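Open the model in your viewer and keep the selection tool ready. The stops below go from aromatic pairs to a surface patch.

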Amino acid sequence: MRKAVYPGTFDPITLGHVDVIAQVAPLFDELVVAVLHNPSKRPWFDLDERLDMIREAVLPYPHVRVDAFSGLLVDYCRSSGILCVVRGVRNHVDLQNEMAMAQMNRALCEDLVTLFVPTSPEWSFVSSSLVKDVAMHGGDVSRFVTPRVADALAERTGGLAKRHV
């Protein structure tokens, strides 16, 4: 069985993330979107909220499973029988940062391969951090996230985040 993992914080999942999932899902028998639970970080959405938002976003992709993990990605991959890590890249800065992580993961687990997937051009500037920043300042983020995420951002910002319906 060909399995891959697409790890991240996904706080929140964006349409850029979904674009990477759509590109990669057909290549594998199972793609696991693995949400990192890092107690030292303070995400806007708790782990269960993020898992639920992702599960809804990946409904069109039957071979995609959503899971959570903490600790090292290589340990998660070993315990799950996964040999391929998927990383979306928007630009050369992402690639540089992702390359360092891929090389460290490879040093820790020599069988682990990283697949870099460029986002489609329309998502090349979209990040979870930027989406939260726009939402916090009352901007409309509905073009960049699923309706469920847009509603959650509006709720989280006390209605500041506008949503065009």
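A residue counts as buried when its relative accessible area is under 20%. Keep that cut-off in mind, and remember that this is a predicted model.

**Stop 1: an aromatic pair.** Select Tyr6 and Phe10. Both Tyr6 and Phe10 are buried. Their rings form an edge-to-face pair.

**Stop 2: another pair.** Now select Phe125 and Phe144. Again the geometry is edge-to-face, with 5.8 Å from centre to centre and 85° between the planes. Phe125 sits in the loop between β5 (113-118) and α5 (128-136). Phe144 sits in the loop between α5 and α6 (147-156). The pair therefore ties together parts that are 19 residues apart in sequence.

Phe125 is at 46% relative accessibility, so Phe125 counts as partly exposed.

**Stop 3: the surface.** Switch to a surface view and select Leu72, Met104 and Leu108. Together, Leu72, Met104 and Leu108 make a nonpolar surface patch of about 290 Å². Pick out Leu72 within the patch. Leu72 belongs to the loop between β3 (64-69) and α3 (73-80). Why can Leu72 be called partly exposed? Its relative accessible area is 46%, and partly exposed covers the range between the buried limit of 20% and the exposed limit of 50%.

Terms used:
Residues are numbered from 1 along each chain as its sequence is written. This is a predicted model: local features need pLDDT of at least 70, side-chain atom pairs count only at pLDDT 80 or more; totals for chains, interfaces and linings use all residues. Side-chain values use heavy atoms; hydrogens and water are left out. Patches are made of residues with over 30% relative accessible area and no salt bridge: like charges are joined within 9 Å, nonpolar side chains (Val, Leu, Ile, Met, Phe, Trp, Tyr) within 5 Å. Accessible areas come from the Shrake-Rupley method with a 1.4 Å probe; for residues, only the protein chains shown count as cover. A salt bridge is a side-chain nitrogen of Lys or Arg within 4 Å of a carboxyl oxygen of Asp or Glu. Helices (H or I, at least four residues) and strands (E, at least two) are DSSP runs, numbered from the N terminus. Buried means under 20% relative accessible area, exposed over 50%, partly exposed in between (1.4 Å probe, protein chains only). Rings of Phe, Tyr and Trp (its six-membered ring) pair if their centres lie within 6.5 Å; planes under 30 degrees apart count as stacked, over 60 as edge-to-face and the rest as tilted.
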